[in-house]
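Please keep the sequence and the three-dimensional view at hand while reading.

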Amino acid sequence: MGIFEQSLALQERGWLGKMVTDYYCDLSSPLYSWIPEGRLKKFLRRRYHPPLDSHQVQTHPLLAVKARIRTRLARDEMERIQGVFRHNAQLDQIVASHLPRLGNLAFGYESASLYTFRRAKEIGIPRVLYQPIACAEKAITLLEEERRCFPLLADTLRYNWFPEEELERRREERRLADAIVCASSFTKQSLIEVGVEAEKISVEPYGVDQTVFSPSKEKFSTFSVIWASSYTQTKGIGYLLEALAREPVPGIELVLAGYPYGTDAAALYEDRVRVRRLGHITRQELGAVMGQCHAHVFPTLIDGFGRNIIEAMASGLPVVTTRHCAGPDLIEDGVTGFIVPIRDVDAICEKLAWIYDHPQEAIEMGQRARDRVASLTQADYRRRFAERIGTVWKASRPTQ
């Protein structure tokens, strides 16, 4: 989702040369007009962004097909992850080889920009790195701790293994970048901890579509907690399930929007936790259900932002989350939501009990949360992002 909004931000200013990705599906093209509504069309929509001018998108679908085949044939998780790194490098090499014809500023994502940045430096054009999540070194430390703390869900951990050559790739990308953009102070701090200059990093929180995510007066009859993400221990799903198993609220229900990664964590608790599974749903479908819930809990261990947090706040829900995401950037603890320590089941139980025991105060907290993110629209994000890129461009121009 990020690359579409970022590319649109540049397009709106007339600054977009090309958005290059492995697979982009222009559903307005006659090539796709024959596809009926259904699962395939729903999948393809995730690779389509109607406001973007498809003539400014360069896509390499063969790379995407090869990557999917490699994923299916991978013998284990390590082989699958290595395939992802190889895929990123291949796309990066394609961009680097065509760079002078694509644009005169290189904006690339972590792990997919090394060759492009090397080439950009050779020809003297500025380089901006996007850091979508806390850096790999931080992930390795946190998630190795987590593997020992919660072995039951160790196979659901993500971003917890990187070969040394991949770590060096990322370090060189940071060194070559003139500027680094990320979406949370937590991500920025992770970069500072590994030696990146603070002045080089800017934080631009995402926006939210407030026509899709808005409060609802209709609530589920049972006190419901929404989970809106893949359910992995990287995002702390086990600590939420442990809290709900204690039943801090009578009859509490977990509404699951997302899909398992590795072991189905929710299935391990379904004898103790009441679960309503929604599966993988669209943002529009999530918006329709989120406002009907009573709270959102996201006890993540490591996240670059946490779009579900801002979506829940726009839906008028009290949010319980940790400092390891954009939570502290968005939430004033006890006023517009709650910030709890990672791995703290007692704190999650306490906050859920408070929300249940103080229904009117919880509604008012949700309204303050909605007010807090009212200015964080998608259009606002595009404006801020474009201005940040414009600043880098101007700084690279020789003074007269």
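The points below are grouped by topic.

The structure is a predicted model.

**The parallel sheet**

- Strand β4 (residues 127-130) pairs with β3 in the parallel sense over 4 bridges, and Ala106 has Arg127 in β4 as its bridge partner.

**Aromatic pairs**

- A pair of aromatic rings is described by the distance of the centres and the angle of the planes.
- Phe4 and Tyr24 form an edge-to-face pair, with 5.7 Å from centre to centre and 85° between the planes.
- Phe4 belongs to helix α1 (residues 2-12) and Tyr24 to the loop between β1 (19-21) and α2 (39-45), so this pair ties together parts that are 20 residues apart in sequence.
- Both Phe4 and Tyr24 are buried.
- The pair of Phe338 and Trp354 is edge-to-face because the ring planes stand at 75°, with the centres 5.5 Å apart.
- Phe338 in strand β12 (residues 338-339) and Trp354 in helix α13 (residues 345-357) are 16 residues apart, and their pair links distant parts of the chain.
- Phe338 is buried, at a relative accessible area of 6%, whereas Trp354 is partly exposed at 28% relative accessibility.
- A cluster linked by ring pairs consists of Phe107, Tyr109, Tyr130, Tyr206, Phe305, Tyr381 and Phe385.

**Charges over rings**

- The charged end of Arg307 sits over the ring of Tyr206, 4.0 Å from the centre of that ring; Tyr206 is also a member of the aromatic cluster.
- Arg13 lies over the face of Trp15, at 5.5 Å from the ring centre.

**Salt bridges**

- Side chains of opposite charge can pair when their charged atoms come close.
- Arg388 and Glu204 form a salt bridge in which the closest N and O atoms are 2.7 Å apart.
- Arg388 is partly exposed, with a relative accessible area of 33%, while Glu204 is buried, with a relative accessible area of 6%.
- Arg388 and Glu204 also belong to a network of salt bridges that includes Arg13, Asp380, Arg383, Arg384 and Glu387.
- Arg175 and Glu168 meet through their side chains in a salt bridge (2.7 Å, N to O); Arg175 is exposed at 53% relative accessibility, and Glu168 is partly exposed at 31%.
- The side chains of Arg277 and Glu270 form a salt bridge as well (3.3 Å, N to O); Arg277 is partly exposed at 35% relative accessibility, as is Glu270 with a relative accessible area of 38%.

**The surroundings of Pro100**

- Pro100 is placed in helix α4 (residues 77-102) and is partly exposed, with a relative accessible area of 48%.
- Apart from its neighbours within four places in sequence, Pro100 is in contact with Arg119 and Ile123.
- From C-alpha to C-alpha, Pro100 and Asp344 are 51 Å apart in space, and they are 244 residues apart in sequence.

Terms used. Residues are numbered from 1 along each chain as its sequence is written. This is a predicted model: local features need pLDDT of at least 70, side-chain atom pairs count only at pLDDT 80 or more; totals for chains, interfaces and linings use all residues. Side-chain values use heavy atoms; hydrogens and water are left out. Two strands pair if DSSP finds at least two bridges between them. Helices (H or I, at least four residues) and strands (E, at least two) are DSSP runs, numbered from the N terminus. Rings of Phe, Tyr and Trp (its six-membered ring) pair if their centres lie within 6.5 Å; planes under 30 degrees apart count as stacked, over 60 as edge-to-face and the rest as tilted. Buried means under 20% relative accessible area, exposed over 50%, partly exposed in between (1.4 Å probe, protein chains only). A charge sits over a ring if NZ of Lys or CZ of Arg is within 6 Å of the ring centre and within 35 degrees of the ring normal. Contact means heavy atoms within 4.5 Å. A salt bridge is a side-chain nitrogen of Lys or Arg within 4 Å of a carboxyl oxygen of Asp or Glu.
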